[in-house]
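Trainee: Could we go through this protein together? I would like to learn how to read a structure piece by piece.

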Amino acid sequence: MRRVNVSQANEQDMRIADFWEQRYLPFVQTNMKASTVRGYLQIWNQHLKQHFADMTLQSYRTHVGSSFLLSLTKTQGRRTLNHIRSLASGIFTHAINEGRLESNPWHDVRILGKVKPPKGTEHYTLEEVENIISALVDHVDAQLVVALSFFVGLRPSEIAAVRWEDFDSNAVNIRRACVRGVVGTCKTLESVATLPLIDQVILPLQLWRQKCGNPTEGWVFESRNGTPADLHNMIARVIRPTLEAAGLEWKSLYAGRRGAGTLLIDLTNGNYAAAQELLRHKHMSTTLQFYKRQTESALSNGMKALQAAANGNKQLTNGGEL
């Protein structure tokens, strides 16, 4: 029988909060994307920090995690709960790999109750985006940001990181991303791509280039420090106030990206592959699950097409050709 060295085990134990601060967070900051680090910090500060409090790695038990998630079911959706569970499990997995634990108490943590259904994600229609761009007539840089979101389907991090040299006469080359001022690689390998531009993007691009003195290189949206501008500031200081004054609703830049996917699917008669290529998802399931939003005309148009097909078959039958 293997003898357990109690004193050695105790030496390896530490407060979970200290392990996060001293061991796991530095590991994440070194090895993961800035967007991932930001998400982890948000989950830790909003949920896990208070929960773990003064508990230690070796004293934590599975039922404590299950009870914790159950307590959140009235206020948090399933996606958030899954993110919390994933981060907590990752912390303990890292501790195991450092020799501080033998098993992960979060491995068998379950949500022992009903979870409120997730809120539907918002998207813009073509008419809404056209109204927004018209309202931003005195802010051509903001017009370009919205146009890149809706008409090219770029992520906010990709918009922030775009450079003048990334643009050709009728295309933009997506090569990097910027999250909260940290420039890095794109979200996935599939995100690196060359995307075509249409007139609704080319026009504000040309106007903004002229206003900037016709540069050929550098950040398209540049801060006073010569770094990529924080789009959150533009939204808060320019876009939101301008739209509120015009009586228009601001949803988010991601609502523009979702709208791009939805509109492209509708305009191509359900060609999801076109939307996947524009949005650069690795898996078609992502396009289907998160970016296809039902439009008011989708069902009625589909039923009309079904009726037309059925009537066509009926005519063939009556004509004796079948």
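**A pair of strands**

Mentor: Let us begin with a detail: Val172 stands opposite Leu195, a residue of strand E4. Please keep in mind that this is a predicted model.

Trainee: In which sense do E1 and E4 pair, and over how many bridges?

Mentor: Strand E1, residues 171–174, pairs with E4 in the antiparallel sense, and there are 4 bridges.

Trainee: Let me step back. How many helices and strands does the protein have?

Mentor: The protein has 14 helices and 4 strands. Of its 322 residues, 40% are buried.

Trainee: And what share of the contacts join residues at least 24 apart?

Mentor: Among contacts between residues at least 6 apart in sequence, that share is 66%.

Trainee: On to helices. Which residues of H12 are buried?

Mentor: In H12, which spans residues 272–279, the buried residues are Ala275, Gln276, Leu278 and Leu279. They lie on the same side of H12, because the arc they cover around the axis is only 165°.

Trainee: What caps the N-terminal end of H12?

Mentor: Asn271 does, with a side-chain oxygen 3.1 Å from the backbone nitrogen of Ala273. After H12 comes Arg280, whose phi is positive, near 65°.

Trainee: Changing topic: where is His51, and is it buried or exposed?

Mentor: His51 is in helix H3, residues 34–52. His51 counts as buried, because its relative accessibility is 15% and the cut-off for buried is under 20%.

Trainee: Which residues does His51 touch, leaving out those up to four places away in sequence?

Mentor: His51 touches Tyr60, Val64 and Phe68. With Tyr60 there is also a polar contact of 2.7 Å between the two side chains.

Trainee: One last item. How many disulfides does a search of the whole structure find?

Mentor: The search finds 0 disulfides.

Trainee: Then are Cys178 and Cys186 buried or exposed?

Mentor: Cys178 is buried, with a relative accessible area of 6%. Cys186 is buried as well, at 4% relative accessibility.

Definitions and conventions. Residues are numbered from 1 along each chain as its sequence is written. This is a predicted model: local features need pLDDT of at least 70, side-chain atom pairs count only at pLDDT 80 or more; totals for chains, interfaces and linings use all residues. Side-chain values use heavy atoms; hydrogens and water are left out. A disulfide is a pair of cysteine sulfur atoms within 2.5 Å. Buried means under 20% relative accessible area, exposed over 50%, partly exposed in between (1.4 Å probe, protein chains only). Helices (H or I, at least four residues) and strands (E, at least two) are DSSP runs, numbered from the N terminus. The arc is that of the directions from the helix axis to the C-beta atoms. A polar contact is a pair of N or O atoms within 3.5 Å; within protein, one must be able to donate a hydrogen and the other to accept it, and residues adjacent in sequence count only if both atoms are side-chain atoms. Two strands pair if DSSP finds at least two bridges between them. Contact means heavy atoms within 4.5 Å.
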